[in-house]
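Me: I would like to go through the labels used for this model and see what each of them rests on. Please show the structure to begin with.

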Amino acid sequence: MQEFMGFQFHIRVDKRIKVSSFRCNAEGILTFCFPLYTKNTLHHAKQYIHNNHALIEKIRTKQQQKYADKQHHAMQYIKQYPSMLLLFGVCISVADASIESLSKQLFIKAKALLDEYANAMKLVYTDLKISYAKSYLGQCDSKARIKIDYRNVLSDEVLLRYLIVHELAHIRYPNHSQSFWQEVARYYPDYKNARHELKKMADRNAFILHYYHLLPQSLCKI
């Protein structure tokens, strides 16, 4: 960990990185990412901080506020349902929950909705899996295999319905074209609000699950 001008930061160098960049996490710690053969990375990081101090401070403040909002949202849930989790309208005790059991419940609910909407949309999917990948909430590949991320387990069913429609629509339109969104709108008219709310709820869910030690390691950086 390095520190310069009031900012703590890490430096990451990797052959997979093509362009130098930086990011800021919820704790306000920066990470500078450089391509493998970049020289004097510490100098470059300090120079960037020196030249962009105000911008970085603005980004750090915004990230910290987002984290505070997410924490507040999650704590409201925890106070409303002490030592309980609300799974699609049914409360269960945290003591009876595990990552495996929650994954199973999400699979059962997602499978039922997938079958319902696949029939309505006249589409065929080939597989369903619960994933633990922070980079997406849902995914449909070229072979019509669908993944639903674990963070959706505490989301409202109406939002999971939107996600299911979204991923199924990718079987017909493997992009985010106008035709794709028209297909989504046909089966979920309020998709714009649901799209925004789903991400918000996923962040809240991750915090709640982390609080109860029910978040997989791959998702623990919340």
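**Labels and their grounds**

Reply: At 0% relative accessibility, Tyr-150 counts as buried. Buried means under 20% relative accessible area, exposed means over 50%, and partly exposed lies in between (1.4 Å probe, protein chains only). This is a predicted model, in which local features need pLDDT of at least 70 and side-chain atom pairs count only at pLDDT 80 or more, while totals for chains, interfaces and linings use all residues. Residues are numbered from 1 along each chain as its sequence is written, and side-chain values use heavy atoms, with hydrogens and water left out.

Me: What makes the aromatic pair of Tyr-132 and Tyr-150 tilted?

Reply: Rings of Phe, Tyr and Trp (its six-membered ring) pair if their centres lie within 6.5 Å; planes under 30 degrees apart count as stacked, over 60 as edge-to-face and the rest as tilted. By this rule there are 11 aromatic pairs. Tyr-132 and Tyr-150 are 5.5 Å apart centre to centre, with 45° between the planes, and form a tilted pair. The pair links distant parts of the chain, 18 residues apart: Tyr-132 is in the loop between strand 7 (127-131) and strand 8 (138-140), and Tyr-150 is in the loop between strand 9 (145-149) and helix 4 (157-172). Helices (H or I, at least four residues) and strands (E, at least two) are DSSP runs, numbered from the N terminus.

Me: Why is the pair of Tyr-211 and Tyr-212 given another label, edge-to-face?

Reply: The ring centres of Tyr-211 and Tyr-212 are 5.0 Å apart and their planes stand at 90°, so the pair is edge-to-face. Tyr-211, with a relative accessible area of 41%, is partly exposed, whereas Tyr-212 is buried at 14%.

Me: How do you know that Ser-103 is buried, and what is it in contact with?

Reply: Ser-103 has 8% relative accessibility and therefore counts as buried. Ser-103 belongs to helix 3 (residues 99-121). Contact means heavy atoms within 4.5 Å; neighbours within four places in sequence aside, Ser-103 is in contact with Ile-130, Tyr-132 and Tyr-150. The Ser-103 side chain also reaches the backbone oxygen of Ile-99 at 2.7 Å.

Me: What makes a set of residues a nonpolar core, and which residues touch the most other members in the largest one?

Reply: A nonpolar core is a set of buried Ala, Val, Leu, Ile, Met, Phe, Trp, Tyr and Cys residues joined through side-chain atoms within 4.5 Å. The largest has 53 residues, of which Leu-85, Leu-102, Ile-148, Ile-164, Leu-168 and Leu-214 touch the most other members. Helix 6 gives the most to this core, with 9 residues. Apart from it lies another core, of 9 residues, including Phe-7, Cys-24, Ala-45 and Ile-49.

Key: A polar contact is a pair of N or O atoms within 3.5 Å; within protein, one must be able to donate a hydrogen and the other to accept it, and residues adjacent in sequence count only if both atoms are side-chain atoms.
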